[in-house]
Amino acid sequence: MTTHEPTDPSRPAVVLVGGVGAIALGVDVGRHALAQARARGMATHQVNQAATLAATPELADLADRSWPVDFMTPGDSAAWAKESAARGQRIDVVIGVREFAQEATAEVAAAAGAPGNPPDVVRTVRNKDLCRAALAAKGFRQPGFRLCADAAEAADFVAATTGPWVVKPRDQMGSKGVTKVEDLAALAPAVAALGSDEPFLVEEFVSGQEYSVEGVFLGGRPHVLAVTEKQLMEPLFVEVGHVLPAPLPEAVTEEFATAVTAALEALGLGFGVFHVELWHTAGGVVLGEVHVRNGGDWIHLLLQHAIPGFELFGTVYDDALGNPVDVAALTPTRGAAVRFLTPPAGVLERIEGWDEVLAHPAVLRASLGVEPGAVIPPVTESYDRVGEIVVGADTPEQASALARELADSVTFVVRSAR
């Protein structure tokens, strides 16, 4: 529904900038974000591209107002916020759950005078090279990197540094275009695989286990909720599983929390949700990408199970509205895990064992995106994964083992596509 009438001015209002994408994960995150606002008596608004609004009717019942605004067009979202304020529309909280909507989210908050992160800071963290440079300038360990315009510049960087290296787009997500390069001969194919003439990054490969840190800002300060263990597929770094909380010694978890908290404050971030990637190396923590949004890959469901009664977005609303937040309760007491399904490439003939997965009592969510007759592509990015199994358990170790066991129990019978 689209309308130009303001909602009841006595009700605080939340705006979901950029809405959600027309995929199951995005719709589920958006559903949580809007439902948790409605549970607090808030008016709910979503602004999104018109075509995507039409493709995501699942959110229509949860949004009091839906507005066709292109968050990808610079200035449009801020202009909408100013026009809405002039009509008397309240905007108390502004959130964005999509990576490419983060700059627009910050601009809407600034235009509406609502709590938010500075737009210039969000632009910095959205560009991997700018964020790396900003963190390095403030003394945080970062891999060596170079923003390159072409393969020749990439070759110059490779020749002057010690490999392996990683080639990646400047501002993509989902492991799209990310390739590990072992030597100079492999560099040109990795650059070609980017499929774009845009500048790209080449950085030194960090040898160490990769994790992410999930959290919220409370009172303008970062509060770490949990560390997530990443399970990766090399050389493309596609994530095939997550475990939350990561089964780590308490001292290591505290080391991660200290590093991430300091980095977020040094960057000038102070509102909403954060998801920060890092490596645990022999020399200490090396920070990776910084995101001012929730983690993808169903991490919001892992948090919800691991911290009983927890509401990720509801906690942000409570903090912004001055409602009490029980910080002591924001600690994982259970474990959760997700495992993604990555069958071999080919034509899918049948799937065996899936009904047993759906019937398992520990499964929080399980879905498949393919059916017999589909052509399964080689896995080169997150969007090539064909399904997921999310489980909850008493401990993270139990959850991890069960997720892997259930994923391994599913058999995809495929034949060559040729």
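Predicted model: local features only at pLDDT ≥ 70, side-chain atom pairs only at ≥ 80, totals over all residues.
Take helix α6, residues 128-137. Buried there are Lys128, Asp129, Cys131, Arg132, Ala134 and Leu135. Just past α6 comes glycine 139, with a positive phi of about 95°.

Now the whole chain. We have 13 helices and 19 strands. The radius of gyration is 22 Å, close to the 22 Å that the globule rule gives for 418 residues, so the chain is as compact as a globular protein of that length. Its C-alpha atoms fill a box of roughly 60 × 50 × 45 Å along the principal axes. Of the 418 residues, 54% count as buried.

What about contacts? Take those between residues at least 6 apart in sequence: 70% of them join residues at least 24 apart.

On to the inside. The largest nonpolar core has 40 residues. Which of them touch the most other members? Ile95, Leu225, Leu303, Leu312, Phe313 and Tyr317 do. Elements that each supply at least two residues of this core include β1, β9, β10, α10 and α11. The largest share, 6 residues, comes from α1.

Look at leucine 225. Leaving out residues up to four places away in sequence, Leu225 touches Leu303 and Leu312, among others. Its list also includes Glu214, Phe310 and Pro332. Apart from this core lies another, of 28 residues, among them Ala263, Leu267, Leu269 and Val276.

The chain carries 31 positive and 53 negative charges, and their mean positions are 3 Å apart.

Terms used
Residues numbered from 1 in each chain as written. Heavy atoms only, no water. Buried < 20%, exposed > 50% of the residue type's maximum accessible area, 1.4 Å probe, protein only. Helix = DSSP H or I, 4+ residues; strand = E, 2+ residues; numbered from the N terminus. Core = buried A, V, L, I, M, F, W, Y, C linked by side-chain atoms within 4.5 Å. Contact = heavy atoms within 4.5 Å. Rg over C-alpha atoms; globule rule 2.2 N^0.38 Å. Lys, Arg positive; Asp, Glu negative; His and termini not counted. Charge placed at Lys NZ, Arg CZ, Asp CG, Glu CD.
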